[in-house]
Amino acid sequence: MARQLPKPQSEPAAQPAKQRLRAVAGYFADAEAGNADRLIYERVRLGIMSALSVNRSMAFAELKELLNTSDGNLSVHARKLEDAGYIACKKKFASRIPKTEYSLTVKGKKMFARHLEHMESLIHAAKGK
């Protein structure tokens with residue numbers, strides 16, 4: 001009996017490769033996002049954004065404990081996010097003790113959602129879906 005050669009791949013097989021390239025290219029060429037994604041890449045800033053995306057607000061002490069970081073480190077990274085308009089900072093006193101609360105702004109929610117969409121696209125592309 002003659003041995004059958006494997007069938008050459010048809011055009012649809014090339015389509016997922018194009019989709020993967022678009023996902024990667026879209027991630028790095030998103031003109032609207034600009035440098036926004038780069039701002040939240042850093043571990044502590046990404047942690048702040050992630051924590052605030054699932055909590056209405058969090059106190060400085062809660063974020064510090066959650067992210068296992070120092071006061072100064074958290075303060076610097078929170079300030080960068082605040083300066084970009086991604087988080088809001090409210091300071092108040094409770095029994096003469098200062099309390100700082102952080103929450104995501106509308107812009108922060110939008111940028112974090114965009115970041116997650118890009119990450120999901122890359123994950124799907126890497127898995128070949």
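Tutor: Contact here means heavy atoms within 4.5 Å. The model is predicted, so local features need pLDDT of at least 70 and side-chain atom pairs count only at pLDDT 80 or more, while totals for chains, interfaces and linings use all residues. Residues are numbered from 1 along each chain as its sequence is written, and side-chain values use heavy atoms, leaving out hydrogens and water.

Student: Which residues in H4 meet H5?

Tutor: Phe60, Leu63, Lys64 and Leu67 in H4 do, against Asp71, Leu74 and Ser75 in H5. This contact has 4 nonpolar, 1 polar and 2 charged residues.

Student: At what angle do H4 and H5 pack?

Tutor: Two packed helices are described by the angle between their axes and the distance between the axes. Helix H4 (residues 60–67) packs on helix H5 (residues 71–83) at about 110°, with axes 10 Å apart. That makes H4 roughly perpendicular to H5 (65 to 115 degrees).

Student: How do the axes of H3 and H5 cross?

Tutor: The axes of helix H3 (residues 43–53) and H5 cross at roughly 70° and come within 9 Å. H3 and H5 are therefore roughly perpendicular to each other. On the H3 side, Val44, Arg45, Ile48 and Met49 meet H5 residues Asn73, Leu74, His77, Ala78, Lys80 and Leu81. By class, these are 6 nonpolar, 2 polar and 2 charged.

Student: What does Leu81 touch?

Tutor: Leaving out residues up to four places away in sequence, Leu81 touches Leu39, Ile40, Arg45, Ile48, Met49, Tyr86 and Ile87.

Definitions and conventions
Axes fitted to C-alpha atoms, helices over the stretch in contact; angles between N-to-C directions. Helix = DSSP H or I, 4+ residues; strand = E, 2+ residues; numbered from the N terminus. Parallel < 35°, antiparallel > 145°, perpendicular 65-115°, else oblique. Nonpolar A, V, L, I, M, F, W, Y, C, P; charged D, E, K, R; others polar.
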